[in-house]
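Subject: Structure for your files

Hello,

Please find the structure below. My notes on what was found in it follow.

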Amino acid sequence: MAQNNSITVTLQQIAKMIDHSLLHPTMTDADILNGLRIAREHSVATACVKPYLMPLAKQELEGSDVLICPVIGFPHGNSTTEVKVFEANAAAAAGGREIDMVINIGKALGGDWDYVTDEIRQINTAVTRHGAILKVIFENDYLQEGQIIRLCHICSEIGVAFVKTSSGYGFVKQHNGMYNYNGATVPHLKLMREHSKPGVQVKAAGGVRTLDDLLHVMSLGVTRIGATATIAIMEEAKKRGITDKPTDIIFKPIERASTGGY
């Protein structure tokens, strides 16, 4: 537990907080191979990959304890429910142990909660049938607090494994025509933890780039992060004396309103 910006952790706990993100659309197979090597070397929780990379990820991570986490309906959640269910079935059958899906954001914004609920339920059923678990991406940048709360209640009722803040690619157009992205913010993480049942875990994605960021969100009850900065986080943990034995460490809290974008 955290108190006065301090927390007790082990190096393994930090590694198993991380879903190493390999989702940028420009990543080549060479980039992916390098990313899978990083995931394996640091023994993170999962390597988060695009569905077509399942065979490569399975081959490269064989014999390790790093799970494969394919994404579906990614990044904007606009496929039909039928297609998402097909994609989820295929991803889990191919060896995906954790599946990250994006909700239909337009339906949530329009208040069609029956559609949103039915879609999440169908995908959760498809995934768990294969012994995998589901993480549900809300894309909080587009949502109001009340909508986030409603989604937490829906996911709690269905019994999904995780609720997740963001895809990493939910850029919002600003008044000046530029696009910006907040990703995981402290207020939203607190809100999601408060309004999700204890059995539903919270994943922070988007901008958790430092060890201090990770430790702060961990102190809020977050149990997983999406990260591209795995090497920097793990090297900083070792530098600050975190070992395989429980280590007390003081972290610098996130002071900005948001944690920034990927």
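I start with one loop. Histidine 175 lies in the loop between strand 8 (172-173) and strand 9 (179-180). Please keep in mind that this is a predicted model. Is histidine 175 buried or exposed? The relative accessible area of histidine 175 is 91%, and exposed means over 50%, so histidine 175 counts as exposed. Between the C-alpha atoms of histidine 175 and threonine 125 there are 41 Å; along the chain the two are 50 residues apart.

Next, helix 7. Helix 7 covers residues 145-158, which is 14 residues. At 1.5 Å a residue it should span 20 Å, and its end C-alpha atoms are 20 Å apart, so the two values agree. Just after helix 7 comes glycine 159, with a positive phi of about 90°.

Which residues of helix 7 are buried? They are Gln147, Ile148, Ile149, Leu151, Cys152, Ile154, Cys155, Ser156 and Ile158. The cover over these buried residues includes helix 5 (105-109), helix 6 (113-128) and helix 8 (186-195), along with strand 6 (133-137) and strand 7 (162-164).

Helix 6 also packs against helix 7, at an angle of about 40° and with the axes 10 Å apart. The two helices are therefore oblique to each other, and their crossing is right-handed. On the helix 6 side, the contact is made by Trp113, Val116, Thr117, Ile120, Arg121 and Asn124. Helix 7 contributes Gln147, Arg150, Leu151, Ile154, Cys155, Glu157 and Ile158. By class, the residues of this contact are seven nonpolar, three polar and three charged.

Helix 2 (residues 29-42) packs with helix 3 (residues 54-61) at an angle of about 40°, and their axes are 10 Å apart. Helix 2 and helix 3 are therefore oblique to each other. Helix 2 makes a right-handed crossing as it passes helix 3. Which residues make the contact? From helix 2 they are Asp29, Ile32, Leu33, Leu36 and Arg40, and from helix 3 they are Leu56, Ala57, Glu60 and Leu61. This contact of helix 2 with helix 3 has six nonpolar and three charged residues, and no polar ones.

Regards

Definitions and conventions
Residues numbered from 1 in each chain as written. Predicted model: local features only at pLDDT ≥ 70, side-chain atom pairs only at ≥ 80, totals over all residues. Heavy atoms only, no water. Axes fitted to C-alpha atoms, helices over the stretch in contact; angles between N-to-C directions. Helix = DSSP H or I, 4+ residues; strand = E, 2+ residues; numbered from the N terminus. Parallel < 35°, antiparallel > 145°, perpendicular 65-115°, else oblique. Left-handed = near helix turned anticlockwise from the far one by under 90°. Contact = heavy atoms within 4.5 Å. Nonpolar A, V, L, I, M, F, W, Y, C, P; charged D, E, K, R; others polar. Expected span 1.5 Å × (residues − 1). Buried < 20%, exposed > 50% of the residue type's maximum accessible area, 1.4 Å probe, protein only.
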